[in-house]
Amino acid sequence: MAALRALLPRACSSLLSSVRCPELRRFASGANFQYIITEKKGKNSSVGLIQLNRPKALNALCNGLIEELNQALETFENDPAVGAIVLTGGEKAFAGLGGGCELAMMCDIIYAGEKAQFGQPEILLGTIPGAGGTQRLTRAVGKSLAMEMVLTGDRISAQDAKQAGLVSKIFPVETLVEEAIQCAEKIASNSKIIVAMAKESVNAAFEMTLTEGNKLEKKLFYSTFATVIHCEHLESRTNNYNECLKPDKHDLSVKGLRVCTGSGHRQCSDNL
């Protein structure tokens, strides 16, 4: 898969766009890596950038690379300034010899270059995907296309991947990284707590029934009104915050949380 960029907001539990800058070798923690290159990007250094760096092996996944990737992700995860992570490969391949598509699908958003290709070639090696390929791919593109890709080892283009729902957007290779970083910056500018809640709710759609998912979404939605971040964000967007704090005709009581909705888009809450 050539020129693939994947975005990973913080607060993630899963593992986990091409740049050639030797100076990126130095990581924020001072650690040096053999198989990846890391850097903090964005105006406020709010985006962690990780580049797979095994060019001779087309970034084929190995134990050493996975260990370094996990280490870099953990470091960025513990960095309060970082709100999103961009994972990228090289110009020729994101990750070769299988595993690349699975690694990308572990991320939250996938951007692809115009010439990128996606595939699960394990069947050609006498095995099957072993890192979620049969499960995440089926959920992303549907049973028929997933079966075709897994049973034949055939690849699909970036355009077909976007049409199938596997890819969010396609960009020229030369602008792909910057586009991914811009998206990551936008995500990082939001409340990390709220982003984590939004991620949990979206991810739950793959594991729960619609009824169960709606219940979780409503629970998380009400929880957002109890956060200090919500009130601060609200105060910055209303001309008269005190007016917002006055109960309106819409008054909901949810397990001790009082949520009131004022006129227009004004919303406020009392602490538990």
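The axes of helix 3 and helix 4 come within 7 Å and cross at roughly 140°. That angle makes helix 3 oblique to helix 4, and the crossing is right-handed. Keep in mind that this is a predicted model. Below is a quick look at that helix pair, then at Glu68 over in helix 1.

**Where helix 3 meets helix 4**
- On the helix 3 side, the residues in contact are Thr134, Leu137, Thr138 and Val141.
- Their partners in helix 4 are Lys143, Leu145, Ala146, Met149 and Val150.
- Sorted by class, this contact has 6 nonpolar, 2 polar and 1 charged residues.

**The buried side of helix 3**
- Helix 3 runs over residues 133-141, and its buried residues are Gly133, Leu137 and Val141.
- These three sit on the same side of helix 3, because they cover an arc of only 20° around the axis.
- Just after helix 3 comes Gly142, which takes a positive phi of about 95°.

**Glu68 in helix 1**
- Glu68 belongs to helix 1, which spans residues 63-77.
- Is this glutamate buried or exposed? With 12% relative accessibility, Glu68 counts as buried, since the cut-off for buried is under 20%.
- Leaving aside residues up to four places away in sequence, Glu68 touches Phe33, Gln34, Tyr35 and Ile36.
- Glu68 and Phe33 are 35 residues apart along the chain, yet their C-alpha atoms are separated by 6.7 Å.

Definitions and conventions. Residues numbered from 1 in each chain as written. Predicted model: local features only at pLDDT ≥ 70, side-chain atom pairs only at ≥ 80, totals over all residues. Heavy atoms only, no water. Buried < 20%, exposed > 50% of the residue type's maximum accessible area, 1.4 Å probe, protein only. Helix = DSSP H or I, 4+ residues; strand = E, 2+ residues; numbered from the N terminus. Arc of directions from axis to C-beta. Contact = heavy atoms within 4.5 Å. Axes fitted to C-alpha atoms, helices over the stretch in contact; angles between N-to-C directions. Parallel < 35°, antiparallel > 145°, perpendicular 65-115°, else oblique. Left-handed = near helix turned anticlockwise from the far one by under 90°. Nonpolar A, V, L, I, M, F, W, Y, C, P; charged D, E, K, R; others polar.
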